[in-house]
Amino acid sequence: MATSTTSRTGIPAIRPSGRPRGLGRCRTGATFRPESLLADQAMTRHTTKKGDRAYPFESSLAGAANRREEIRLGRYFKLAPWLLSCLVAGHATASPTEVIDTHLHGDRDPVAQLEALRASGITTIAVSTSWEDQQRYVEGKPMSVLHGLMFPCPQGKVPYSLQDCHADGREWPGVEWTEARIKSGRIDFLGEILTQYYGISPSDARMDPYYSLAVRHDLPVGIHTGSAGPDHGSPNFREDLGNPALLRDMLVRHPGIRLWIMHAGAPFFDETVALMREYPNVHADISVINNPRIVPPEAFAAMMRTLMDAGLGDRIMFGSDNADIATVRASLDALTFLDAAQKQAILHDNAERFFRIERNAGAVAPGNTRKVQDVD
Ligand SMILES: [Zn+2]
C-alpha cells in the first residue's frame, strides 16, 4: 500500500508504507504475484478504449472488488503450476526484484498508477507528460523517478490526453529554458520526442539545438517511432515519419548521442535492427510491442528473438507505455527462450546503464527535495 501525502507544492506525492502488496517468494527465489494471474482475463475490463495509450486506470476502482475475488479464486487454479515452476525450474523463473519502466506517461491518479506499478515490481520510472503534470511525480522509496521533457507538442497538447504541454500553450520549449532545467536536475532525459505526431522527421533541423544539448549534458533522448493508436488528436501525424531509418541523419550529425528508439520502431522493425547494429549508442524500449492487445504475442516473440539473435540483448529495455503493467510483464515472462540473466538485463540492467542511474543516484538529495519545485 502507499499513502498520498502533500508535498511542499501542495501537489499529491507518493509515500510508501510497508512492503508491496501480493509478493511472496518460493524457496528458489522466484516471485509470486497474484496480479499476474489475471494477465489474460480480468485486466481487459479495467482498460478503456483509449486506455492502452493514455489513462488506463479510469475504471480500475470499479473492478477492484471483483478483481480481489478473482485473485482469490485464481490462486486455487494457478498456484500449483507456480509452485511446480519454482521447484523444478528454480533459477530460470527468477525475476529481478528491481524493474525499470523506461516508458511511462501521466495518469489522472498518479497514486493508483504508482501503486499498481510497485505491485508488479517496478522500482524506477522514466516519466514524460505535460511539464505541469510531471511535477507530481517525485522521488520516494521504493520508486525512483526520471523526468523527461516531452516535445514538440502538436498544437501545444500532449497526444491522447490533450492537456497543455506547457501552461502557455507553446509547442516547443525554449532551448535556454531547457538547458537551465537540465542544469538544475529537473530534466533527466529528452522524451518522449513527438516529431512524428508533429509531422516532421526526427532528423529535422529544428531538433538539432536540443540534440546538441543532450550530447553536451550526456542525457538520453527517447523518440517515438512506429505507429500510433487512435484518437491521438495530432492532425499532422504521419506513419512514415516513424521509420527509424529517418534517425540516421541526426545520428551522423550528433555522434555519440545516447538515442533510444521508443516502441522498437514497429512496424518498421527491420530498420530498428539495422540501425542498432550500425550504431552501438542506440537502444530500444519494448513498450507497445509487448502489449498483446496491440501486437500479437507471436509477433512480439519473433521480434525479441530477432533482437537477441542480432546480439542486441544488452540494449533492449522494458517499458509499459501505461499499458496494464501485469500484462506487459507477463509478455516478457512468457518468452521461454530468454534465460533469467537476459530477462534481468531487459527489465533492469540495460536501463540502469543507459540512464546512468547509479551515477545519478548519488546526486539525489534525500527527502524528495530535488525535483519538487515551482512549475514554470
Ligand atoms: Zn510513443
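Contact here means heavy atoms within 4.5 Å. The model is predicted.

Helix H10 covers residues 325-333, and helix H11 covers residues 340-354. Their axes lie 11 Å apart, at an angle of about 150°. From H10, the residues in contact are Arg 329, Leu 332 and Asp 333. They meet Lys 343, Ile 346 and Leu 347 of H11. By class, this contact holds three nonpolar and three charged residues, with no polar ones. In an α-helix there are 3.6 residues a turn, so residues three or four places apart point the same way.

Now turn to the zinc ion. Three residues coordinate the zinc ion: Glu 192 through OE, His 224 through ND1 and His 263 through NE2. The distances run from 1.8 to 2.1 Å. Along the sequence, the donor residues follow the spacing E-x31-H-x38-H. Glu 192 and His 263 link distant parts of the chain, 71 residues apart. Glu 192 sits in strand E8 (residues 189-193). His 263 lies in the loop between strand E10 (259-262) and helix H8 (269-278).

Helix H2 (residues 110-119) is another enclosed element. Eight of its 10 residues are buried, so the rest of the structure largely encloses H2. Among the buried residues are Val 111, Leu 114 and Leu 117, and also the charged Glu 115 and Arg 118. Just after H2 comes Gly 121, with a positive phi of about 90°.

Technical notes: Residues are numbered from 1 along each chain as its sequence is written. This is a predicted model: local features need pLDDT of at least 70, side-chain atom pairs count only at pLDDT 80 or more; totals for chains, interfaces and linings use all residues. Side-chain values use heavy atoms; hydrogens and water are left out. Donors are N, O and S atoms within 2.8 Å of the metal (3.2 Å for Na, K and Ca); water is not among the atoms, so sites may look incomplete. Helices (H or I, at least four residues) and strands (E, at least two) are DSSP runs, numbered from the N terminus. Buried means under 20% relative accessible area, exposed over 50%, partly exposed in between (1.4 Å probe, protein chains only). Axes are lines fitted to C-alpha atoms, for helices over the stretch in contact, and angles run from 0 to 180 degrees between N-to-C directions.
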